[in-house]
Amino acid sequence: MSFHLKPAVLKANKVLLHVGGQTFLARRDGWACDTVVGYEIVVASGKIVIATANSHSDLWLALKGGSNNFGIVTHFYLSTYPQKDMLGGVVTFNYTKSTLDAHAAAFSNFMAAENFDEKAMMGILITYVNGVSAVTDSLFYLDPIASPAVYEPFISMPGQVANKLAVTDVGTVVNNFGSFTPPSLNR
C-alpha cells in the first residue's frame, strides 16, 4: 500500500496544524491527531508498515494517542479541509476584575451546549507584557462573518483597548495571530 499526497495538501496542513494540534477546525473536525489517516512506521522487527483504519488498525489506533513505544514513525498522512476566508484575530481588554468577571460569564455562555457553534474557536489569554496586564480573546470563525453572534458578548464588552479581528485568508489569520506574540518570547 502506498500513499501519495499532493504538495498543495501538505502545504495546507502546515497552516492548519499551527498551535500544536489544536486548530481553527477543532470544534468541527477534532484536533490534528484526529485527522491522521495513516502512519508509516518502522516496527521493532525492522519491518516498515503502513498503519491505517483498514490495515494494522490496532497499531493505527494506538499511535493516535498512545505512546511512542510502538516503533519509529517515518511519515504520517493527514486529512485536509478546504478553507476559504474566515474571521480571525485578537481583541484585547484592560485587565480589571470587572473584565475578568465579564469574560467568565461570556465564556460560560459560549461553552453552554445550547450555544455550541462548530465554526467558532476561541481562547482567553491573560497576558503580562512590558509591565502591562491585559485580557486577550483569540477569536476564530470559519465563515467570513465580521461579527458572528456567538462572539457578541466578547466584542461588545467594555474596556476594549485593541481589536485586530479581520475577515481574511487562513495564512493571513495565522501570520496576524503570530505577530501578537511579543518579540521577547522564544518561539
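I began with the largest nonpolar core, which has 15 residues, and Phe110, Tyr151 and Phe154 have the most contacts inside it. By nonpolar core I mean a set of buried Ala, Val, Leu, Ile, Met, Phe, Trp, Tyr and Cys residues joined through side-chain atoms within 4.5 Å; buried is under 20% relative accessible area, exposed over 50%, partly exposed in between (1.4 Å probe, protein chains only). Strand 4 (86–94), helix 4, strand 5 (120–129) and strand 6 (132–141) each give two or more residues to this core. Helices (H or I, at least four residues) and strands (E, at least two) are DSSP runs, numbered from the N terminus. I also found another core apart from it, of 12 residues, including Phe24 and Val174.

A note on the source: this is a predicted model, where local features need pLDDT of at least 70, side-chain atom pairs count only at pLDDT 80 or more, and totals for chains, interfaces and linings use all residues. Residues are numbered from 1 along each chain as its sequence is written, and side-chain values use heavy atoms, with hydrogens and water left out.

Next I checked the rings, pairing those of Phe, Tyr and Trp (its six-membered ring) if their centres lie within 6.5 Å; planes under 30 degrees apart are stacked, over 60 edge-to-face, the rest tilted. I got four aromatic pairs. Phe107 and Phe110 are stacked, at 6.0 Å and 25°.

How does Phe110 pair with Phe154? Their planes are at 80°, so the pair is edge-to-face. Phe110 lies in helix 4 and Phe154 in helix 5 (residues 152–155), so this pair ties together parts 44 residues apart in sequence.
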